[in-house]
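I set down what I looked up, entry by entry.

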Amino acid sequence: MRYLPKSPAEREQMLKTIGAQSIDDLFAIIPAEYRLTRDLDVPRQMGESEIVDYFKAAGEKNATDYASFLGAGAYRHYRPVIIDALVQRGEFLTSYTPYQAEITQGTLQAIFEFQTMIAELTGMDVANASMYDGSTGAAEAVLMAMRVTGRHKAVVARTVHPEYREVIGTYLQHRDLATAEVGYDAKTGRLDLKALDAAVSEETAAVLVQNPNFFGTIEDVAAIAAIAHKKGALLIVSIAEAVSLGVVKPPVEADIVSMEAQSFGVALSYGGPFCGVIAAKEQYLRQMPGRLAGQTVDGDGNRGFVLTLSTREQHIRREKATSNICTNQALVALMATIFLTVYGKEGIRELAEHNLAKAGYAAKTLGDVAGAKLLFNSAPRFHEFVLQTDEQPAAWQKRLLDEKIVGGVELSRWYPELKNASLWCATETMPRAKMDAAAKVLARVAVEA
Amino acid sequence: MAETIERKTLGKIRPHQTQNERLVFEKSAPGKRAYKLPPLDVPSVDPATALGNVRRTQPAELPELSEIEIIRHFTRLSTWNYAIDLGMYPLGSCTMKYNPRVNEFVSRIEGLAEAHPYRPESLAQGALELLELLQKCLLEITGMDAVTLQPAAGAHGEFTGILLVRAWHESQGNARKKVLIPDSAHGTNPATAAICGYQVENLKSNPDGGIDLEALAAQVDDDTAALMLTNPSTLGVFENEIHKIADILHAKGALLYMDGANMNALVGKVRPGDFGVDVMHLNLHKTFSTPHGGGGPGSGPVACKQFLEPFLPIPVLVRKTGNRDQGAGLGSLHWNYDRPKSVGRVRAFYGNTGMFIRALAYILANGPDGLRQTTEDAVLNANYIRKKLEDLYELPYKTPSMHEVVFSDKKQAAKGVKTGDIAKRLIDYGFHPYTVSFPLIVHGALMIEPTESESVEELDLFVEAMRSIAEEVEQSPELVKTAPHSTRVSRLDEVQAARKPILRWRPQAEPSK
């Protein structure tokens, strides 16, 4: 087996050293009736070229030559090539969690830089080293707010990603924590502030909203914060599209921000691994879940970094920990850090403006198609929009697929009241020609080859 | 003292220079660029007009650098890390084995890496087929009946598994109140049970470090939902009375949860599903070679027996039956969301697909013979180290070791040298430390897991280093207590880091040294 660095003679010699007759001696403690006496029924050992062929075939079967208007919590942005060149350095790729600080300063400094960038982008004081993803991060943020306030109710906007809301439901089902959902304004697609005001009480630990919300519209975070804070509740803002922060006002009025950083140079990879992160006001630091890298000095006074405040964590506090999270998304957070360094202060704004322009064109072009109209068109939005069609989405989806285009996600699976509505996304990677082609297909006009 | 240490070869180590590198923010200068966007092919949109008062007016203080500086920055940082690619990483319980490069290559194949999770299932059959094959392999390896790949890491898998346990008990009319956890368990176990609304009840180990059957029988009652058991235990010892443990639990209607962190000691030799486990998680980043990446991403699939299958998180991968009229053998794969008994979704989308690809590539590279040989070599290596060190380091439990061996610092502590000191001194010999002070039931534990990835040469260098350190403890304990001496930073002030946390760089911060 090519990954095993031993010759048969060396194995024999080692057994002799140990004083064992055969390798079976070392497994003698396993009761005989349970020992496996046959080969596992898994595919035979393959050569490297066969493995590559197998996965290439799977990739081709998946199809690669489609233009896609899919967004909804997973976004296609260009990934600068130096990201993969750097994260595949063995010193990053094959290193463990940096508990031994003296020989993991590289990872620790990179995490410290990541924390800084996330704090800068979100307008929060501090950020952690990462969470699994945006959905679990949002659930952990609600639990964090519960610990901070000692309250047991949460108010969640219906415009938070539906799958995030499902995950929150899963996390809270065995906690003494009731959630109420607040709807959206039918005209703007923004959170219904009156309903929110009615839903928040002195028992509310947290109000959770998404910004830009699931429909792509941008919320009035300041107004939402005022309603939450009036009753002493914390405001959690969930951000599913991190690139929006290049042009959208950061949620500085929030107390906790839970973000999905996949847009920062992380491949779509059929849904994971992505990169969640929690940022917060400094006073809530000690209730934060997850790892934190902090700056300190060594014995000679040199600057260095360590994992810190670990008394919050499971390996120290066990059942009293702030979370059971252990492994998180370090290498993916490194991808995000490199991405943000490549684009930098000006680039992240320019990139976000390109997204704004592309989506603006797509929305106008598709919204102008006879039999189609934009919903929530009066509210500001980033790079996603909701299109309602006279036709059922399944009908035009099929026509689009024939032209090698994947249209927007049908919304009725989560919002039955939004009939024939679909959520479209156009990032900087979407060519104008594909937007024009999609509009023609929707309008049943022949697309030129 | 420092003079002699720096100049002479010590084990694998010769001194070499590492370069200083400031924070990326401290290298920034306005106007430097590492990107170039293509010209817009659509009219530009003025953010002020489009966004009004929700527009960002104050840019984030992100660094501005050129591409070569970014390459150098992160490359320099990388050289400050130890890694498996550099040598043995004997972290017990963490299973730092070789991460094959073909795994990285195939995970980046375009049709897989660029697949959007909401693409139509007709365009995702390639991804779904490899998920299905991985599921089949994991079921065969564990001997279980059903599996979900959704959990993002081991602790997330524990959470999912205990949710299944709870849902099943509820379906029987009583969720029950407590989960039993041995005192040798990983910290994630009690933290998980607490999140799932269970009280944690500690189970004391017997003199051999295993489960005390009498104590277990006395503690299991009608309020017990499950026992969370790591097997082999964190001492690296197989619970040879595992079937009795399962029987005691099952007789009282409680379930057996297995923490699969140490599954790499069992693959191809014995299957948890055959010895009474009801539900378990796997760490793909341990047993199945996906990289740890400095702390993730992981992946924590959960496998269970048939009676727990209805409760699995949504969605569940199913194959439609083929349409015989059209002569099709197999139908297409799709996600089933219609699962009324499901515990719900534990994360968005379907799981860490990139990790599934890597794990499957590893299984295909091994085949049944390679998987078994891998397990045998891991156990062989641990026993080799045990044999070569047991005269100098105290072995608190004499029970046979599987894939890892746990010593204590009892002999060295007599000289005032603790396990943490020995670990730091190991760095000077060119090795990553073993796991320190865990499991908690061993005072001053040295938990060593070599994995199968080490050659005799590397193992002998490690043994030599450990023996040399034992000698240093006798001759010059201060040398060990003040280690490491060869790293670019000396021991870091963790107290200061925690007392006055500095968790981010700020503009106008003090210039670095």
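Entry 1. I looked up helix H11(B) and found that 31 of its 37 residues are buried, so the helix is largely enclosed by the rest of the structure. I counted a residue as buried if 20 or more other C-beta atoms, placed from the backbone, lie within 10 Å of its own. Helices are DSSP runs (H or I, at least four residues), as strands are (E, at least two), numbered from the N terminus.

Entry 2. I note that this is a predicted model, in which local features need pLDDT of at least 70 and side-chain atom pairs count only at pLDDT 80 or more, while totals for chains, interfaces and linings use all residues. Residues are numbered from 1 along each chain as its sequence is written, and chains are lettered from A and ligands numbered from 1 in the order in which they are written.

Entry 3. I located a bend of about 100° at B:Gly367, with the proline B:Pro368 following within four residues. The bend is the angle between axes fitted to the seven residues ending at a residue and the seven starting there.

Entry 4. I turned to the contact between the chains, which takes 165 residues from chain A and 172 residues from chain B. Two residues are in contact if their C-beta atoms, placed from the backbone, lie within 7 Å. On the side of chain A, helix H11 (residues 330-367) gives the largest share, 23 residues.

Note on methods. Buried ≥ 20, exposed ≤ 12 C-beta atoms within 10 Å, placed from the backbone.
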